[in-house]
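Subject: Structure handover and findings

Dear colleague,

Please find below the structure that I am handing over to you, with its sequence.

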Amino acid sequence: MTAPTPHTATSRPSALPNLPEDIETPAYVLDVALLKRNLATAERIKRETGIKMLLATKAWAMPAVFPLMRDTLDGTTASGLYEALLGREEFGKEVHVYTPAYTEQEVEELTFVADHIYFNTPAQLRRFGPMAQAAGVHAGIRINPGFSMATLGGDLYNPCAPGSRFGTPADQLEEVPWDGVHTLHAHALCEATHEGSAGLIAHVARNFASYLKRVKAVNFGGGHFINKPGYDVGKLIAALKDFRAGFPHLDVILEPGAGLVVDTGYLVATVLDTMKNGSDIAILDTSASTHMPDVLEVPYRPEIIGAGEPGEKAHTYILGGKTCMTGDVIGTYSFDQPLKLGDRLVFTDMMQYSFVKNTTFNGTPLPDLAMLDEDGTYRVVKSYGYQQFRERLG
Ligand SMILES: *Cc1c(COP(=O)(O)O)cnc(C)c1O
């Protein structure tokens with residue numbers, strides 16, 4: 001692993017990737033060199049603090065690349081049974097899992113698959129904890145630390161928002177059967193800067209010390225946006241070292257998803273047609289609602305390499321998707337040249353919460369899943385045909 005370089009705004013992909021001319025689109029493309037850059041950050045944090053780090057497969061799961069990540073990371077964390085199975089079968093190190101509420105059958109199956117099961121409430125822990133412990137699986141409790149520093153989407157992505165169902169609130173922690181708890185879990189962040197990460201760690205140390213003394217490990221969840229330009233990794237490392245000095249008996253775990261794969265890949269699309277209705281419009285072979293669900297849900301505006309804000313360059317277009325939903329619009333962008341049939345557009349930062357989350361709404365075929373290797377080789381890992389579409393319908 002090479003030494004990490006400081007991440008600045010210029011480390012974001014701004015030049016067109018070296019993609020072969022003849023690839024099929026749409027395609028989500030992981031850029032392996034950029035993933036290695038991000039893994040170097042994870043490696044540094046682990047080396048300087050001695051913590052464990054897991055990949056949250058909820059945000060991104062590309063088993064073809066797990067061998068590359070296995071040396072650096074300690075395992076995966078799952079949002080449910082299927083992701084836990086994926087972690088066990090394809091990643092092969094520690095498997096952690098958290099779901100807001102389990103069925104008995106899920107816990108039974110998970111005792112064969114997971115090493116750590118996190119429960120959301122004292123009731124779930126009392127009901128299923130003994131089953132986990134009998135199978136040699138560590139039980140954890142997710143607390144609601146009452147710490148709000150999610151930077152994305154207001155309260156839509158804030159686990160500590162008023163009325164949140166995530167984690168046991170502080171005033172009910174006395175009801176937790178602590179003797180059976182191995183790990184205290186506190187996930188509260190989303191796309192947080194170092195201030196969010198360090199703030200959460202200090203907040204948990206200050207407010208939950210009596211419980212921390214009773215457990216063997218603490219998991220500070222995901223949402224640590226460690227590879228985002230502007231995130232000061234040194235500040236996270238300092239906060240982790242402070243925490244470890246205060247609680248030397250605890251294993252410390254982070255489980256980022258987005259922060260491991262931010263700015264490591266693309267969604268490559270092609271212009272299928274252009275038209276006018278007041279404004280110039282281009283219709284693409286991709287779609288916001290099916291291939292970039294977070295563009296509409298968060299919402300946010302993805303970057304396109306070489307494109308500008310509306311009016312910034314000579315030719316401005318509304319970019320529309322190929323579904324029949326009026327709101328399936330990616331945004332308004334400007335270009336140096338008029339767009340024409342066959343032009344290729346490269347959307348950046350399209351790894352986290354894209355292909356794991358998309359749908360086949362309208363029967364729209366899913367993009368190829370591919371890798372651009374460091375030597376310029378382009379490998380299609382998976383392509384989707386009618387059969388895959390049909391299988392998803394049962
Ligand atoms: C979503 C989630 C993560 C990963 O969050 P990112 O924002 O992708 O880093 C980790 N742990 C839990 C419990 C989560 O719900």
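Predicted model: local features only at pLDDT ≥ 70, side-chain atom pairs only at ≥ 80, totals over all residues.

In Glu255, a polar side-chain atom is 2.8 Å from a nitrogen atom of the ligand. In Tyr353, an N or O atom of the side chain lies 2.8 Å from a ligand oxygen atom. The ligand on its own has 390 Å² of accessible area, and the protein covers 89% of this.

There are 13 residues around the ligand, and those that come nearest are Lys58, Gly223, Glu255, Gly257 and Tyr353. By class, the shell around the ligand consists of 5 nonpolar, 5 polar and 3 charged residues.

Packing of two helices

Two packed helices are described by the angle between their axes and by the distance between those axes. For helix H6 (residues 194-207) and helix H8 (residues 233-246), the angle is about 10° and the axes are 8 Å apart. Angles under 35 degrees count as roughly parallel, and H6 is therefore described as roughly parallel to H8.

On the H6 side, the contact involves His194, Ser197, Ala198, Ile201 and Ala205. These residues meet Lys235, Leu236, Ala239, Leu240 and Phe243 of H8. The residues of this contact between H6 and H8 comprise 7 nonpolar, 2 polar and 1 charged.

Backbone geometry

- Thr25 and Pro26 are joined by a cis peptide bond, with omega at about 0°. Pro26 is located in the segment before strand E1 (27-31).
- Val298 and Pro299 are likewise joined by a cis peptide bond, here with omega at about -20°. Pro299 belongs to the loop between helix H11 (293-297) and strand E13 (315-320).
- Asp263 is not a glycine, yet its phi is positive, at about 60°. The loop that holds Asp263 runs between helix H9 (258-261) and strand E11 (265-277).

Yours sincerely

Terms used:
Residues numbered from 1 in each chain as written. Heavy atoms only, no water. Near = heavy atom within 4 Å. Polar contact = N/O pair within 3.5 Å; in protein donor to acceptor, adjacent residues only side chain to side chain. Areas by Shrake-Rupley, 256 points an atom, 1.4 Å probe, with all protein chains shown as cover. Nonpolar A, V, L, I, M, F, W, Y, C, P; charged D, E, K, R; others polar. Axes fitted to C-alpha atoms, helices over the stretch in contact; angles between N-to-C directions. Helix = DSSP H or I, 4+ residues; strand = E, 2+ residues; numbered from the N terminus. Parallel < 35°, antiparallel > 145°, perpendicular 65-115°, else oblique. Contact = heavy atoms within 4.5 Å.
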